[in-house]
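Student: Could you take me through a close look at one part of this model, the way its helices pack against each other? Please keep it to one connected answer.

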Number of protein chains: 2
Amino acid sequence: MKFIYRFGGGRADGNADMKNVLGGKGANLAEMATIGLPVPPGFTITSELCIAYLKKGRYPKGYSDEVDKGIMHIEELTGRKLGDTSNPLLVSVRSGARISMPGMMDTILNLGITDKTVDGLIRQTNDERFAYDSYRRFIMMFSNVVQGIPRVLFEKPLREVKERERARFDYQVSVEGLKELIKIYKKIYLEKIGEHFPNTPKKQLKMAIDAVFKSWNNERAIEYRRIYDIPEDWGTAVNIQAMVFGNMGDDSATGVAFTRNPNTGAKKPYGEYLINAQGEDVVAGVRTPKSLTKMENDKTFKHIFEELTRIFKKLEQHYKDMQDVEFTVEKSRLWILQTRTGKRTAVAAVKIASDMVKEELITREEAILRIKPDDIDNLLHPMIDPDVDKKKLDPIAKGIAAAPGAAVGKVVITAEDAVRLSDKGQKVILIREETSADDIAGMARAEGFLTVTGGKTSHAAVVARGMGKPCVVGCDDLYIDMERREIRVGHSIVIKEGDIITIDGTSGYVYQKEIKLITPKLNTNAKRILRWADEIRKKGKLFGVRANADQPEDAAIALEYGAEGIGLCRTEHMFFNPERIDVMREMILAESKEQREAALSELLPMQKNDFRRLFEVMIDKPIIIRTLDPPLHEFLPSLDDEESIKEIAKKLKVFPEQLKERIKKLHENNPMLGHRGVRLGITYPEITKMQVRAIFEAACEMTKESKHVLPNIMIPLVGHFKEFVEQRKIVDEVANDVFKRYQVKVSYKVGTMIELPRAALTADQIAKHADFFSFGTNDLTQTTFGFSRDDVAKFIPMYIEKKILKYDPFQTIDVDGVGQLIIMAVEKGRSINSKLSTGICGEHGGDPLSIEFAYQAKVNYVSCSPYRIPVARLVGAQAIIKHGDIKKRSRKK
Amino acid sequence: MKFIYRFGGGRADGNADMKNVLGGKGANLAEMATIGLPVPPGFTITSELCIAYLKKGRYPKGYSDEVDKGIMHIEELTGRKLGDTSNPLLVSVRSGARISMPGMMDTILNLGITDKTVDGLIRQTNDERFAYDSYRRFIMMFSNVVQGIPRVLFEKPLREVKERERARFDYQVSVEGLKELIKIYKKIYLEKIGEHFPNTPKKQLKMAIDAVFKSWNNERAIEYRRIYDIPEDWGTAVNIQAMVFGNMGDDSATGVAFTRNPNTGAKKPYGEYLINAQGEDVVAGVRTPKSLTKMENDKTFKHIFEELTRIFKKLEQHYKDMQDVEFTVEKSRLWILQTRTGKRTAVAAVKIASDMVKEELITREEAILRIKPDDIDNLLHPMIDPDVDKKKLDPIAKGIAAAPGAAVGKVVITAEDAVRLSDKGQKVILIREETSADDIAGMARAEGFLTVTGGKTSHAAVVARGMGKPCVVGCDDLYIDMERREIRVGHSIVIKEGDIITIDGTSGYVYQKEIKLITPKLNTNAKRILRWADEIRKKGKLFGVRANADQPEDAAIALEYGAEGIGLCRTEHMFFNPERIDVMREMILAESKEQREAALSELLPMQKNDFRRLFEVMIDKPIIIRTLDPPLHEFLPSLDDEESIKEIAKKLKVFPEQLKERIKKLHENNPMLGHRGVRLGITYPEITKMQVRAIFEAACEMTKESKHVLPNIMIPLVGHFKEFVEQRKIVDEVANDVFKRYQVKVSYKVGTMIELPRAALTADQIAKHADFFSFGTNDLTQTTFGFSRDDVAKFIPMYIEKKILKYDPFQTIDVDGVGQLIIMAVEKGRSINSKLSTGICGEHGGDPLSIEFAYQAKVNYVSCSPYRIPVARLVGAQAIIKHGDIKKRSRKK
């Protein structure tokens, strides 16, 4: 086992690939040294040693010789010696695990100063103040970081000295003051630890290294590893490196820079630097750093800027990505202290990725993998201008960020008002205790929604994401006073109906004012990358992306965003329209088949028109239309809504009591598991007949106009193949009848939702009769877990907190359970019907991890809300790149 | 291919094993002929020929020669000839498929009479009237059965002739009258068919055979086969057999007999006979048949009786079972026309099986297989005396028979009244719209329940079966008028509160009077057979039977019926006791953990006592105790129950509004999928702690008294292994704490219900931590199908009717779906934990088909209601006998 890896002087024992042994920081330092960057020399003690030490409680034989060798390596390259009284070497000690982790020991700087070496440091730097201040800082840092003595104990005497000397800033303290503080600090150390402050660099170094290793097992670190499933036996490395100083005069500086603009992506270095300062000073915010653009024209630093530019180019060539670099200039000499991949905005991310392909730095595939799904999503929603100072925005409440983007509008508290005001051209924000299907019309008109209750998968949240509108839910500080028509937050804040507010569905904040929003767009760069992604997906038809869309308007948006068809058109939403709901209710309340058929025949022409309009948008593209799914009572008012009951009873010419009786009869204890889906189609075949007739009549008309349509009929909630067979028979019979009457034929498919465990378990039996499967992962998750989506808010948060569940299973597919059923259903289905097409059309269809799973499960496509289409296009391609071409893979078997 | 199989004269071409070719009737006729019984000679045309004929529309070459050979065979043995004018042969033609099936062609008798042969018949029989009457009947039967001419057309002229001749009965019509009728019948035939009545026996025979074959494809038969999944290509055989006549004078007779008494099982022939009559006459009910016991002393028939007795013995020796025999005596000569296994009562079934083992006719295994599970069940419930004439009972309504047995009592319409009256020593029947958990106390006191709504798996039905009480549900003719305290049935019938009624949960009938009930018991014979069954089950611990029991009283009954432990003790029922429900409510309504713990500490001693009492009954036997399962709102009144809310609020010292608010908060849209089971234990670990502490304190006390107890703790509704791990940690911690305090250790197991698809799918992950699995098949069925047991009544009946489902999946396990999950879970679980014990504790644990499935799925035991224990003991052994010893089988692999 090799204990240490040296770096510096244009060489290194390790490299960037050795993160497992050297940690992230050590590996990158080695890499930079190797490619000739000016890295202060140093060495890394391996994480393997850390584990060996922690296991046995002592260091292995030969270890201290190795550390001595490492120090000698630094001494040789710097010409200084640790503990030397005339030209002492100072080093930094830093922890560095495989991934950065909270709880691990912080940096110690200036290690090597003692009473004996401090004079040497003065001689070396010619700066008495610098030397004593460094000593003071070192004692404080060491005491705090290695021994855990609270910082506040050291800050008090500093404050006293400053007061006495009338010094405003630390750097104004006199040499005498610093000397006094050093004495006091040492005394504090002695009192707290019962030992003198270590007075040789060797002892200091040993204690610092021990402390780093031990910090691997501190409580915070253990907890973090438990939560994120990080193995205990990774351990941490330790980096020991020669100090360089940016605070050695006006030819010294410290700075941070990005190799490109992280906000815009422009190909130009971006950053700032502070003359005669150390990193700490930048953080303290005492002086304002200068922009890097000024460095080019600064006589003292012009050559540094040029060198930086060269180094940045080299770094990008080497790391193939935009870098975030820390540097120090010590007496006109540039040192690079750290480099890492730079964080960036969504706009910058797509521009950089796109540019780097042009620059031939990366391939298209790499560019696609560089883009985070959230980046694409962020490009699509209006948002609060990121340049606005967030602190000044002063939110009045915070809820759960349920659908991204921000919205501004006048407050309304009923769906009716939302419709009324938006008809007058006003922008409104709908605030409700919680929303329901009754609010749909109002929601369609509002800019965004805010609800008092509910979670990320509540009605409001789901509808919002479907509509691409911002939404904040579970904002329980709000109290809606329906009588006074106002909303109160706490005791003092009142929002009146009609007041303007801003909601931010990305952060969850609510503001009682109008905030300027900006609307980013899918820019040329984003479109270019998505086009590349599409090429990968479509080559060999590897993975498709469709939209969940019920209305022509949604379908048009979906098409614009790149949908390749409609994966789910829910027909029930079509009936909530005020003109239709009455006929629908007549149908539901019918006492006989005849009455029901009469009502249905009124609905037929309406439905036919619905489908015609949808077909017009989606010519040449498949449309999956689902027959009626929800329990019928969803179309009726609730029993305690006396007003509505009276009104509806009047319209339907029945007594309110009769209506109530009927509503009571339709009541279900568990509507999710009740009389819905295919069960409606079986008990009321006339409903299926009407819907299917509407679809085929519309399709025949289109065909006669030479417009090619691809209708797919989907039967929901099938659990037994015989249910499907019964309904398919109806579909085929009606189709043949319509074709005969129109004298034209339209090719169509009939398939089913797989949304019950039993359907997945018996997928082979169903696939014998079905042309396609669409996984309704919302319901499949409900039944597989036995979770009611409407009720889980009572315990899911605690499940996530206790790490019983890693993700909310309604957001990200549960691979072990629900995923197992999907894989099973795809395999069983294909074993019987090799042409079977499969898709996922639940909420999960727009979730990146779930899309990736879908591809791996050999599902043919995902279907998601129009606004998630670009994300799905991206993630689909990423999955193919990451996991390879399914067809090629399966051929190999 | 062989077209015909002959029988008669002590020989036969076929035998009893050839039912697939000869049909049931033909195969048995061949068998009887072979063993030397006096069977009228005949032959069977195979069902294979039937299929060949139906496919090609014509008979294969050589077929008619074969039929001729068959006829010759009969002619040789009888000495008569078909169509012979002096000594004509008459035959019967009957269909006979593999199983008896409605829609198939009826019997044709007397085939072979024509104008030419009728005189020969007169000479043969010396009975002109007999000959012409036979001719008349034949024409009518042939016309009706072969040609489908309505019988009524023939009855009209017969009636006219009788009126004219003043004949009261058919046999009083004169020869002249008969001759006239023959002419009229032939005319009817000619008019309807357009052809003369076939005037040669050959033509008659061909037409009759054709008709049998064609009847395979008549609508009724096709529909029947569709419903019962009978293959189309089975076809039917045709039996042609020499006629024998029981109506040839006072030395002739016809009769039916059982080889033993089918009511009591007594080993003595049982049956009746009618002198000078044909089968038809017995059916017509003109004369009363004599009991077979009289035959022994009837001079004319004494030798027949002796011969019958010999034949009966031979039949039982041969078929190894009690037989149901049809016989005819023609002029003092006995002919056996048919034998089949006889139907019998439950009492007879167990006696016969037990006796036949003693007689060494059958083995114990065969005896066990002979008993139908329903037989055992019927032996356990009070029932309406089967000797009472049912027609005179005059029921007032009929509902769904939901739990077997009958009960008599005074009508009460609230649970409170049930308690009050039963406290006064009165027997009551509880009638409710539907029952709920609130009614439990009243239900425990009532003799039986009758509900207006609900199906076989409704609350009332499930509770009834659990309590072993009769129950009729879904009796929707009833209207409960709570104001007038009466129940109305239609317009005229009124049942007042306090009136005595009788309900029959076996038939679903309700009677407005007291009916005498009898209570059969598990008699010696039944006990003996169950003991044999136990020996088979227990040898090698092949299959166990446990009880679902929450109370010591139930446990004691279970033990008496042979339970080997408790497979499910639901702790929630313990809290509905009036003294406890308030404390329970306090616990639920607690605003803080401290308040909740205070209430729980009040419940602790009560729970401890519950478990002590249960342990006392089940010493040395395993008890599986399930931690709290139902959603907490089940313990609170419903929101519109203002009265209860006020009362409870007062008791709990809160405002009614506060209570309402809390109830509202606890409301769930789908409680089945809501905050219940392990989810309660995770969010309120203090509840689990209290229950587990109560269990272990009770167990430790018992152990200190040297009583050996086997506590098993079961966590309900686990879907993710981490849920189980969390709860198991609590159990183990509390156990250790209690053991330390009591200075004693009790060995225990911790397991989980598998009642969610996800639990089954990830059973390997769970089994790593669990000692046992118990399949909660009720909930597993709900989630696998997505069926709410409370709501399925809206469509399950239609599903059964349309044959989408063969059984109600809540009664009989759905092998393809739910069963697949069980098999998967057992396999996955054992792959990780070879010691894993598995059981089924849902309603299915008492259902015969499901018990058989459980054994095949390698589940270790079933747990059912105490009253189903004997059934489970029987069926468990039957499954082992039928499917072999699992261990042996798996060793073979």
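**Helix packing**

Tutor: Helices H21(B) and H23(B) are roughly perpendicular to each other, because the angle between them falls in the range of 65 to 115 degrees. The model is a predicted one. Two packed helices are described by the angle between their axes and the distance between the axes. For H21 (residues 578-589) and H23 (residues 642-652) of chain B, that angle is about 80 degrees, and the axes lie 10 Å apart. On the H21(B) side the residues in contact are B:Asp582, B:Arg585, B:Glu586 and B:Leu589, and they meet B:Ile648, B:Lys651 and B:Leu652 of H23(B). Sorted by class, this contact has four charged residues, three nonpolar ones and no polar ones.

Helix H6 (residues 152-165) and helix H7 (residues 175-193) of chain A pack at about 155 degrees, with axes 10 Å apart. An angle over 145 degrees counts as roughly antiparallel, so H6(A) and H7(A) are described that way. The crossing of H6(A) past H7(A) is right-handed. Residues of H6(A) in this contact include A:Leu153, A:Phe154 and A:Val161, while those of H7(A) include A:Leu181, A:Ile184 and A:Ile188. By class, the contact between H6(A) and H7(A) has nine nonpolar, one polar and four charged residues.

The two chains are themselves related. Chain B is superposed on chain A by a rotation of 179 degrees with 0.1 Å of shift along the axis, at an RMSD of 0.3 Å. That is the relation of a two-fold axis. In chain B, the C-alpha nearest this axis belongs to B:Asn670, at 2.1 Å.

Notes. Residues numbered from 1 in each chain as written. Chains lettered and ligands numbered in written order. Predicted model: local features only at pLDDT ≥ 70, side-chain atom pairs only at ≥ 80, totals over all residues. Heavy atoms only, no water. Axes fitted to C-alpha atoms, helices over the stretch in contact; angles between N-to-C directions. Helix = DSSP H or I, 4+ residues; strand = E, 2+ residues; numbered from the N terminus. Parallel < 35°, antiparallel > 145°, perpendicular 65-115°, else oblique. Left-handed = near helix turned anticlockwise from the far one by under 90°. Contact = heavy atoms within 4.5 Å. Nonpolar A, V, L, I, M, F, W, Y, C, P; charged D, E, K, R; others polar. Least-squares fit on C-alpha atoms with pLDDT ≥ 70 in both.
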